[in-house]
Amino acid sequence: MAYTNVNNLGTLITPAEVIATAMTNQTFDTALITSSIIKIAEITHIEKPLSREFYEELVTQHDGGALTVANQTLMDDYLHRCLAWFVKLEAMNEIHNNVTSSGVMTNIDDYSVKVSPAEFNMMKQDVDRKANIFLQDMLDYLNDTVNIQSYATYEANAGNSSIIGDDTTNKKGGIIFY
C-alpha cells in the first residue's frame, strides 16, 4: 500500500458542523474545536474502519471539492454525524481543562459547578458509545450488498489496517489491559 500524506489537507468536518451535530449548547465556542483535534478524531476513529485507502480518497475529494455522488451521500448521511461525536470525544479533555503557562486549570465560571472525575468519565463513555453507534450505522450502510458496489475503494480494502497495535488492547469490566 502506498501511503499518501493527506494530513496537510483540510478536515472532513468543520467546528460549526461539530457543534450543530454533537453539542447541546449551540453557542459553543468554535475556537475550542481546532483542526488538530478534528484530524486526530479522523485518524484515530475513522481511518481504520474505512481503510487508509478509502479515507485518503474521501479526504482528497473533499479537499478538492469534488466528491463523487456516492461519497457525498456517505458524508452527508453518515460520516459527518459519526465524526462529530468522535470530535466531541477527543475535545472533551481540552474543553474541561485548560493548559496554561501556570499549569493545568479546570474551566469553570460563576455559573458552573465542577463535575467529579467519575461524572466526567461517565460522560466521556456515553459520548464514545454514541459515536460508535453512528460508526456502526455507517459501516452497516457501506457493507450492505447493494451499497458496497458504489464504494469500490472501500470494498477492495475493507479490513485492511495500517495501524499497528490496535489488537493488543482489551477492555474487560472498565479496565483497559495492554
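**Exercise 1. Find what the buried residues of helix α1 pack against.**

*Solution.* Start with the buried residues of α1 (residues 15-22): Val18, Ile19 and Ala22. Buried means under 20% relative accessible area, exposed over 50%, and partly exposed in between, with a 1.4 Å probe and protein chains only. Helices here are DSSP runs of H or I with at least four residues, numbered from the N terminus. Next, look at their directions: they cover an arc of only 105° around the axis, so they sit on the same side of α1. That arc is taken from the directions from the helix axis to the C-beta atoms. An α-helix has 3.6 residues a turn, so residues three or four places apart point the same way. Finally, the partner: these buried residues of α1 pack against α4, where contact means heavy atoms within 4.5 Å.

A word on the model: it is predicted, local features need pLDDT of at least 70, side-chain atom pairs count only at pLDDT 80 or more, and totals for chains, interfaces and linings use all residues. Residues are numbered from 1 along each chain as its sequence is written, and side-chain values use heavy atoms, leaving out hydrogens and water.

**Exercise 2. Decide whether Phe28 is buried or exposed, and list its contacts.**

*Solution.* First place Phe28: it lies in the loop between α1 and α2. Its relative accessible area is 18%, so Phe28 is buried. Then set aside neighbours within four places in sequence; Phe28 is in contact with Ile19, Met23, Ile33 and Ile95. Ile19 is also one of the buried residues of α1.

**Exercise 3. Work out how α2 (residues 35-50) and α4 (residues 69-96) pack.**

*Solution.* Begin with the geometry: the angle is about 130°, with the axes 8 Å apart. Axes are lines fitted to C-alpha atoms, for helices over the stretch in contact, and angles run from 0 to 180 degrees between N-to-C directions. α2 and α4 are therefore oblique to each other; under 35 degrees counts as roughly parallel, over 145 as roughly antiparallel, 65 to 115 as roughly perpendicular and the rest as oblique. Now the contact: among its residues are Ile37 and Ile38 of α2 and Leu79 and Phe86 of α4.

**Exercise 4. Describe Ser51, in the loop between α2 and α3 (52-64).**

*Solution.* Check the backbone first: phi of Ser51 is near 90°, a positive value in a residue other than glycine. Then check accessibility: at 0%, Ser51 counts as buried.

Terms used. Helix = DSSP H or I, 4+ residues; strand = E, 2+ residues; numbered from the N terminus.
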